[in-house]
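Hello,

I am handing over the structure we spoke about, with notes on what was found in it. Please read the notes with the model open.

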Amino acid sequence: MDKIPYDNSKSVINKPLDILLKSVCSLIGIMLISVGATFLLEGHIGMDPFTAMNTGISNKLGISLGVLQLIVNFVLFIFVLIFDRKQIGIGTIFNMFLVGYEIDYFSGLYQSLFHGTLSIPMMIIDAIVGILLFTLGTSLYMSTKIGVSPYDAIAPIISDKIHVRYQIVRSAQDIVIMIVAIFFSGPFGIMTLFTAFFAGSLINFWNNTISRRIMIHIDHFSEKPSIHNVSGGLLELGKNSYNIVLHAYQNTYTMQKNMSGYSEAEIEELINRTNDNIRKNAQVSIILEKRLDSLKDELKERKQKIGNK
């Protein structure tokens with residue numbers, strides 16, 4: 001997942017309001033993570049490696065997922081506290097204490113609402129809804145920049161200490177955790193592999209389309225709180241969400257309509273082109289964000305010079 005600069009909070013005047021609003025977003029993100037993980041768990045299609053491991057261990061020990069995950073998070077928290085406490089924030093505490101217990105709660109709710117024999121169509125729905133909510137929640141909670149989960153902090157610390165690329169360390173970390181999850185008979189499945197290797201692309205998509213925009217609006221609102229800023233932000237978010245759903249539907253419909261006419265080689269070529277376009281768009285977004293930041297800095301400096309005169 002590319003790190004795209006968008007955090008404007010350093011220039012925010014009303015810091016308490018900014019932190020409060022981002023804390024709310026962090027809590028919403030963690031709730032979405034928990035709901036998404038619940039769909040993956042109850043659909044019996046595999047969970048993310050960390051939760052799959054904790055679920056397997058908690059079942060073996062006969063304790064709730066919430067209790068076990070809190071214990072594991074606390075051990076990892078000590079490690080992060082020793083080697084890089086800068087990654088710890090209020091979002092870290094939220095994640096440590098809430099995710100496991102929320103999955104326990106939402107699992108009970110899911111079973112009461114969708115009790116019965118699990119069918120293939122239901123498993124497909126669980127997979128789609130689960131991974132979309134899980135990655136959206138991850139994007140939203142991490143975009144707040146107020147602390148990451150102890151598990152998410154491990155790879156950056158190791159990468160910095162041994163001077164190996166983050167992607168390599170994170171992949172190795174997830175593979176090790178997957179092996180442990182399998183050993184303890186955790187809910188390992190196709191979505192475990194997907195979240196380990198491909199969820200980053202979805203998280204980056206949510207970063208570029210929703211999460212980053214929300215953080216920018218929060219920073220702007222914290223600088224100048226007003227009803228106009230709130231309504232403008234909500235309106236833009238609604239338009240973006242509508243456009244995302246509309247474009248996804250149109251593209252899916254078009255592809256399904258024409259798919260039968262494609263050869264396997266042509267489909268592979270379309271996949272490669274789509275991946276290239278995603279990478280190019282991410283690079284363009286980074287460049288434009290940097291240009292925007294430079295323009296803002298230049299304007300700020302000129303205003304300061306005029307004020308000093």
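**Helix packing and local features**

Helix α1 passes helix α4 in a right-handed crossing. The model is a predicted one. The axes of α1 and α4, the latter spanning residues 90-113, come within 8 Å and cross at roughly 40°. On the α1 side the contact is made by Ser23, Ser26, Leu27, Ile30, Met31, Ser34, Val35, Ala37, Thr38, Phe39, Leu41 and Glu42. On the α4 side the residues are Ile90, Gly91, Phe94, Asn95, Leu98, Val99, Glu102, Ile103, Phe106, Ser107, Tyr110 and Gln111. By class, the contact of α1 with α4 divides into 14 nonpolar, eight polar and two charged residues.

**The fold as a whole**

The protein has eleven helices and zero strands, and along the sequence the pattern reads α-α-α-α-α-α-α-α-α-α-α. Of its 309 residues, 40% count as buried. The accessible surface comes to about 18,300 Å², and 66% of that belongs to carbon and sulfur atoms. Take the contacts between residues at least 6 apart in sequence: 76% of them join residues at least 24 apart.

**Two helices against α9**

Helix α1 (residues 15-42) also packs against α9, where the axes come within 9 Å and cross at roughly 150°. An angle of roughly 150° is over the cut-off of 145, so α1 is roughly antiparallel to α9. The crossing of α1 with α9 is right-handed. From α1, Leu17, Asp18, Leu21, Lys22 and Cys25 take part, and they meet Ile214, Met215, Ile218, Asp219, Phe221 and Ser222 of α9. The class count for the contact of α1 with α9 is seven nonpolar, one polar and three charged residues.

The other partner of α9 to mention is α5. The axes of α5 (residues 120-143) and α9 (residues 199-223) come within 8 Å and cross at roughly 50°. That angle makes α5 oblique to α9. Here too the crossing is right-handed. On α5 the contact involves Ile131, Leu132, Thr135, Leu136, Thr138, Ser139, Leu140 and Ser143. On α9 it involves Ala199, Leu202, Ile203, Trp206, Asn207, Ser211, Ile214 and Met215. The contact of α5 with α9 has ten nonpolar, six polar and no charged residues.

Val80 lies in helix α3. Is Val80 buried or exposed? Its relative accessibility is 3%, and buried means under 20%, so Val80 counts as buried. Leaving aside neighbours within four places in sequence, Val80 is in contact with Arg85, Gln87, Ile88, Pro150, Ala153, Ile154 and Ile157. One of these, Ala153, is 73 residues away along the chain, with 6.9 Å between its C-alpha atom and that of Val80.

Ile71 is also placed in α3, which covers residues 65-83. At 46% relative accessibility, Ile71 counts as partly exposed. Ile71 and Asn54 are 17 residues apart in sequence, and their C-alpha atoms are 9.8 Å apart in space.

**Positive phi angles**

Most residues other than glycine have a negative phi.

- His44 has a positive phi of about 55° although it is not a glycine. His44 sits in the loop between α1 and α2 (49-61). With 60% relative accessibility, His44 counts as exposed.
- His163 has a phi near 60°, again a positive value in a residue other than glycine. The loop that holds His163 runs between α6 (150-162) and α7 (166-183). His163 counts as exposed, at 70% relative accessibility.

Regards

Note on methods:
Residues numbered from 1 in each chain as written. Predicted model: local features only at pLDDT ≥ 70, side-chain atom pairs only at ≥ 80, totals over all residues. Heavy atoms only, no water. Axes fitted to C-alpha atoms, helices over the stretch in contact; angles between N-to-C directions. Helix = DSSP H or I, 4+ residues; strand = E, 2+ residues; numbered from the N terminus. Parallel < 35°, antiparallel > 145°, perpendicular 65-115°, else oblique. Left-handed = near helix turned anticlockwise from the far one by under 90°. Contact = heavy atoms within 4.5 Å. Nonpolar A, V, L, I, M, F, W, Y, C, P; charged D, E, K, R; others polar. Buried < 20%, exposed > 50% of the residue type's maximum accessible area, 1.4 Å probe, protein only. Areas by Shrake-Rupley, 256 points an atom, 1.4 Å probe, with all protein chains shown as cover.
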